[in-house]
Amino acid sequence: MAAHALTLRQRVRLPLPWLSLAALLAAVVILPVIVLAATAAQGSEGLWSHVGRHVLPQASLNTLWLLLGVGIVVGVIGTGCAWLVSAYEFPGRRWLSWALLLPLAVPTYVVAYAYLDLLHPLGPVQSLVRDLLGYDSPRQFRLPDIRSLAGCIGLLGLVLYPYVYATVRAMFATQAASVLESARSLGAGPVAVFTRVALPLARPAIAVGMSLALLETLNDIGASQFLGIQTLTVSVYTTWVTRSDLAGAAQIALSMLVLVVLLVVLERYSRRRQRYASSARSRPLPPARLRGGKAWLATALVSLPVLLGFVAPFAFLAWESWKRMGAHGIPAAVLDATWNTFTIAVIATGVTVAAGLLLAWSLRLAQYRGTGERFAAVTLRVGSLGYALPGTVLAIGLLTPMAWFDAGVARVAGAIGLDSGMVLMASGGALVLAYTLRFLAITAGGIDAGFGRVPVSMDHAAGSLGHTPGAILRRVHWPLLRPALAGGALLVFVDTMKELPATLLLRPMNFETLATWLYADAARGAYEDGAMAALLIVLVGLLPVILLARTRRGAVVEVPA
Amino acid sequence: MSTPALELTALHLGYVVRGELRTVVRDLSLALAPGEIGCLLGASGCGKSTVLRAVAGFEPVRGGTIRVQGECLVSPGKSIPPERRRIGLMFQDYALFPHLDVSANVAFGLRDLAKEQRRQRVARMLELVGLPTSGSAYPHELSGGQQQRIALARALAPSPRLLLLDEPFSNLDAGTREHLAGEVRALLRETGTTALMVTHDQGEAFAMADSVGVMVDGRIRQWDRAEVLYRRPADRAVAAFVGRGSVLPAAALKLDGDGFVLLRPEQVVVDPSGPIPATVVMSRFVGPGHVCRLRLDGGELVDADLPAGPVPGPDARIAFRLADAGPVRLP
């Protein structure tokens, strides 16, 4: 192939305005990471050694144990349940196969909040056990304390296993049939079919689900703090909030990033292998009928995660809220926090959908024009990296650039005699920015996947029929993409509403969302009105779970790979 | 000569990798007279679809000009956007809008017409493609052949100055394909539409086009009527791509001179007193006759179509002569 010299005009004939805007957006997404590295490097020798000696080793160790434990728990529960509901028929199977997704609606800090109270030495469970055993004081008998690393692993596992369950079930449902039937016909028994065929087949799906669950674990701040586990995330928060040591917090955040990168690499690698596997023809697996005791055992086993991960905390929160409402009505503070949460989530959703559309559409436009596609694809991928950044890491990385921005605005405003104060930080603009960066992958990925189902030839047809790109967006893309847009918007709305770590760090003074209000309540050790906030969060969180169960696709998040 | 409906001059197309241009199509020129149907024929990856996209405006042009009815669409430093070119497009996958019914699909490019005129135009187009009652159906309710016709109606509705067809029949089964190719050709004739189509299927090209260009590696090797391409291919690449045949040294067929000749299978006539002896390698019955492969004594393999009748089995020795219209000498 000959290489021609290009005129400048030919070089820059890209769909410039939109693509530049998208590239700018992608740059903003990686800005926190760059700033973080710079801030960490600035930390003086003394600070680094303090963090290095006193905080990092213990926090890293705790975090690694937590990741390992949660990984095992979600892997076992998620894969086991997915296998049982896919391969066997037993009472309640259909119903349970979607009920297993319900714990997705319970954020980690809510499950910890609920169980702390449920399992309190004076709480309902321990009292019941003592009554049954004939003891009458917590001093004579108490269960092992939930406030331990093991307790934390168990609780996180109970609400995070659906990530594994959903991806693995989708895999079994679409492509396991012919392989498993061949294995059976070659004389493999049920155990051998599972260990020798199903498990290796599901390994990429397990890894994808597990890496998503572990990213959530890394992101968690509420549960580990309530349960007294000093993880890296908790250390970032306390180093900044209580010690006001930004460089130290950045150093810890940077070490978290190493773990994030490992998890993302694992996820991407497994997704590639998964895609390879999914080229096989798909047919659902016909489940084998279980009888008698075995059938009921399966029902019991599969019900357990649903009961512990969703029903128990949900019932507890509902009961507590009901009691509280009967006694005092809905407190003004809860109403206030609800309104705040709703407003900020609506704004963040709007911005995130618009930003996602910009990223996905500029790629589409490049494909339409037949130029700049590679650049646009990289832009989309970089712009979607934020989903992997834990909220605390993102917030710490954003603090400095936002302070610069506010200072800059203040200087300009001062020059014309106005007092702007801290525009971004005080207005909630910082929060909206953080939510957008963190959840951009959901909308950008969803819209991009939506575009994937509309061949580019359709755009070309519309263009040849006299339509400008804008008109194509309006008359062809919009009607075809509405479901993808709505799905993405719902997910972002709910995720924003549940978000805790970044919200804690970036919210304006005295601005409480349901999540921060619950956090403050639990941090004070007061479990009064928090139940209502928790219940509201779980109820709204149910919406995407229902959507997910209905679409039956099983993809938790569509991340552009 | 009147102004050509389409004129490509020294067209260069390619994509940029790290600031360097990888040429896909080089120095390509062609002209279509008004009402003429042209076709670019070539293997996948030869650049033919790239040419089509460039004419439609979906591919950056690195050099050369594109003119339609004398109007310059693309020249150095200038490119009219696709939506203002008034060029119709028909795709392999039809690209019908799934959220619109057939009428709305056909009316999609008629936004400038008044409502009543638009309705009449849609009705007229549906009648033209033989589906007058399908207006309220949705694309997924139609068969492949019907979708194809609707796509044609949609592309022709705004009276484009030129119609481009990208492998238009490749998604249809063989029977429908032949039938529809004839119909589409008649329709384009009737409406006087100039068209350029690309395909890798020689049958499709011969059934539709007045003139065919064989493309190899981004260049047109020969631009001619179908018959000429078959009878007198310009070089070995064209000979290999159009029709079946064997390229042999002239000496192998006991012909005078050096160089190579193209021997078509139907030019082999079995004749015990023929000058060329050969061994049968295999033979297969295909209905009207037999398809055979012969080995000449020099080791060259030759394909031959023999009429029905007794055919010698493998390893049999035979002799043949050449049909009257002898083999073509290749440069």
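## Ground rules

Two residues are in contact if their C-beta atoms, placed from the backbone, lie within 7 Å. This is a predicted model: local features need pLDDT of at least 70, side-chain atom pairs count only at pLDDT 80 or more, and totals for chains, interfaces and linings use all residues. Residues are numbered from 1 along each chain as its sequence is written, while chains are lettered from A and ligands numbered from 1 in the order in which they are written.

## Two domains in chain B

Chain B splits into domain 1 (1-84 + 201-243) and domain 2 (245-330); these bounds come from an automatic or database domain assignment. The centres of domain 1 and domain 2 of chain B, taken over C-alpha atoms, lie 35 Å apart. Where they meet, 7 residues of domain 1 of chain B are in contact with 7 residues of domain 2 of chain B. On the domain 1 side of chain B, the touching residues are 3 nonpolar, 1 polar and 3 charged. Here Ala, Val, Leu, Ile, Met, Phe, Trp, Tyr, Cys and Pro count as nonpolar, Asp, Glu, Lys and Arg as charged, and the others, Gly among them, as polar.

An unreviewed UniProt entry annotates residues 8-242 of chain B as "domain: ABC transporter". Such annotations may be inferred rather than shown by experiment. Residues 8-242 of chain B are 34% helix and 29% strand. Helices (H or I, at least four residues) and strands (E, at least two) are DSSP runs, numbered from the N terminus. The end C-alpha atoms of this stretch of chain B are 24 Å apart.

## The six-strand sheet

Chain B holds an open sheet of 6 strands, in the order β7-β8-β9-β3-β10-β11, with mixed pairing. Two strands pair if DSSP finds at least two bridges between them. At the edges are β7 and β11 (219-224) of chain B, and each pairs on one side only. Neighbouring strands of this sheet are turned by 20° against each other on average, direction ignored. Axes are lines fitted to C-alpha atoms.

β7(B) and strand β8 (residues 162-166) of chain B run parallel and are joined by 4 bridges. B:Leu89 stands opposite B:Leu164 in β8(B).

A second open sheet has 3 antiparallel strands, in the order β12-β13-β19 (chain B). β12 (246-249) and β19 (328-330) of chain B each have a single partner strand, so one side of each lacks a neighbour in the sheet. Neighbouring strands here are turned by 35° against each other on average, direction ignored. Strand β13 (residues 260-263) of chain B meets β19(B) over 3 antiparallel bridges. There, B:Leu262 has B:Val328 as its bridge partner.

Strand β18 (residues 317-322) of chain B pairs antiparallel with strand β14 (residues 268-270) of chain B over 3 bridges. Strand β15 (residues 276-285) of chain B also pairs antiparallel with β18(B), over 4 bridges. B:Val270 is bridged to B:Phe320, and B:Thr279 to B:Arg317.

## Where chain B touches chain A

Which chain B elements face chain A? β2 (20-32), α1 (48-56) and β7 (87-90) of chain B each supply at least two residues of the touching side. β2(B) gives the largest share, 4 residues. In total, 27 residues of chain B contact 28 residues of chain A. The chain B side divides into 13 nonpolar, 6 polar and 8 charged residues.

## Confidence in chain A

The average pLDDT of chain A is 85, and 90% of its residues score at least 70. pLDDT is the predictor's confidence in each residue, from 0 to 100. Over residues 1-14 of chain A, pLDDT is below 50. Residues 553-561 of chain A stay under 50 too.

Terms used: Axes fitted to C-alpha atoms, helices over the stretch in contact; angles between N-to-C directions.
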